[in-house]
Amino acid sequence: MANVIVIGAQWGDEGKGKVTDLLSKSADVVVRYQGGVNAGHTVVVNGQTFKLHLIPSGILYPDTECIIGSGTVIDPKILIGELDQLEELGISTAKLMIAQTAHVTMPYHRLIDQASEERRGTRKIGTTGRGIGPTYADKSERTGIRVIDLMDSESLRSQLEWTIKYKNVLLEKLYDLPPVDPEAVITEYLGYAERLRPHVVDASLKIDNAVRKRHNILFEGAQGTLLDLDHGTYPYVTSSNPVAGGACVGAGVGPTMIDRVIGVAKAYTTRVGEGPFPTEMVDGIGQVLCDRGAEFGTTTGRQRRCGWFDGVIGRYAVRINGLDCLAITKLDVLDELEEIKVCVAYNLDGERCEDFPSDGRKFARCQPIYETLPGWKKSTAECRDLEDLPKQALDYLKFLAELMEVPIAIVSLGASRDQTIIVEDPIHGPKRALLDAKGQPVEHQS
């Protein structure tokens, strides 16, 4: 039995959906623990593409239970749309469960999110405009609507009549927007409630029961470490905690229940939205990575900013999350490059800086210090074992492992399930380690 957390080790969009999908084959339960519809996972199975925003990737396995934990914020309309899409594609959603204590995104959250971002002008954060920040804000202010409230029409009406009256003042007086019709919202969301009611459970209790039965549990986060509300590149962050510690709070489990934490990182770096990005490439190579990696957001369709691999934020992600191992994705995107750069430290005001600065103003002044490695100029898309990789590609992976001081367990070479080298199974225990903490090869373990 193993309880494993999968987190993003960069700014999100690292390919967590594919890694979670792969590991879900060995999991009995998959739990989504934070974020909302501002995140998206793309999974390709037998040539068919599934784009999921709220439902855990494990839903694609018929015997796997999937739980949306209380740390998430749920847009019922989008969630129901995902349910309908999966059912139309022949994917059963009978084993999906929704935490009754998860908070609900309302129409006024989206309106306030979009209007607030527009008012920021040059100080925009880069929000998706899906209402996530205002939903979490209401949660902290203790004025939010939870899934359990949707299940009780009298409770929902009582809360929304007061809340919408208050929100309408903001919409009209602060943002010059028309008010929201309380009755229309109540009717709409009571309709959503009836559709979702069969899935609503006490999620923490369900997870605890699975632990007691010694089931394998996979905790799936959204976004990435550098977008964490407390530990990311504030204020250019999300409104929740994507880091490993957020899994315990968002799922409702104690930290002693966690066995391993796996971080997912691209073989290069991308970022969506605003904020500093030291290794960003604004030249032709950046566009090559964008084109070859299909770097467009699952949720918004926005083009991702591309840059070289940043080892400084990588080491920071290892420290903040307590990573046991790494999954490196999209190695194949680098196949055509003559040489590849890796940021090993920053130049900060004339001094070498090897640790991520928590002061955003300092981070914005950081200039990357690179080491250059030779490219391999060969396709890796068909590689299925370490021995199949070109020597330079294997050397690149060893360099990253040594730089971040954590073993690499999975290497992804394309979007499909089968385009993967699984060196070590984080759920069933090690088959062998690709590299030790010093980047040295380790012999096969029986």
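Mentor: A residue is called buried when its relative accessible area is under 20%, exposed when it is over 50%, and partly exposed in between, using a 1.4 Å probe and protein chains only. Please keep in mind that this is a predicted model, in which local features need pLDDT of at least 70 and side-chain atom pairs count only at pLDDT 80 or more, while totals for chains, interfaces and linings use all residues. Residues are numbered from 1 along each chain as its sequence is written, and side-chain values use heavy atoms, with hydrogens and water left out.

The part I have picked is the sheet and the annotated sites around it. Helices (H or I, at least four residues) and strands (E, at least two) are DSSP runs, numbered from the N terminus. Two strands pair if DSSP finds at least two bridges between them. With that in hand, you can trace an open sheet of 10 strands with mixed pairing, in the order S9-S7-S5-S2-S10-S1-S11-S15-S19-S20. Strands S9 (200–201) and S20 (420–422) stand at the edges with a single partner strand each, so one side of each has no neighbour in the sheet.

What joins S15 to its partners? S11 and S15 run parallel and are joined by 5 bridges, with Ile 262 standing opposite Cys 325 in S15. S15 and S19 also run parallel, through 3 bridges, and Ile 328 has Val 411 in S19 as its bridge partner. From S19 (residues 408–412) the sheet goes on to S20, and this pair is antiparallel over 3 bridges. Val 411 turns up again here, with Ile 421 in S20 as its bridge partner.

Helix H1 (residues 16–24) lies across strands S1 (3–8), S2 (29–32), S10 (217–220), S11 (260–266), S15 (325–329), S19 and S20, and runs at about 165° to S1. For such angles, axes are lines fitted to C-alpha atoms, for helices over the stretch in contact, and the angles run from 0 to 180 degrees between N-to-C directions.

Next, follow S11 to Arg 260, which is found in that strand. Arg 260 is buried, with a relative accessible area of 17%. Contact means heavy atoms within 4.5 Å, and beyond its neighbours within four places in sequence, Arg 260 is in contact with residues including Asn 3, Val 4, Ile 5, Asp 324 and Cys 325.

Let us turn to the annotations. UniProt positions are given in the numbering used here, feature names are shortened, and annotations may be inferred rather than shown by experiment. An unreviewed UniProt entry gives "binding site" for Asp 13 and Gly 40. These two are spread over 28 residues of sequence, yet they cluster in space, with a largest C-alpha distance of 8.0 Å. Asp 13 sits in the loop between S1 and H1, and Gly 40 in the loop between S2 and strand S3 (41–45). At 25% relative accessibility, Asp 13 is partly exposed. Not counting residues up to four places away in sequence, Asp 13 touches Lys 266, Thr 270, Val 272 and Arg 304.

Arg 304 brings us to another annotation. The unreviewed UniProt entry lists it under "binding site" together with Thr 298, Thr 299, Thr 300, Gly 301, Arg 302 and Gln 303. You will find Arg 304 in the loop between helix H10 (284–292) and strand S13 (305–307). Is Arg 304 buried or exposed? Arg 304 counts as buried, at 7% relative accessibility. Its side chain and that of Glu 295 are joined by a polar contact of 2.7 Å. A polar contact is a pair of N or O atoms within 3.5 Å; within protein, one must be able to donate a hydrogen and the other to accept it, and residues adjacent in sequence count only if both atoms are side-chain atoms.
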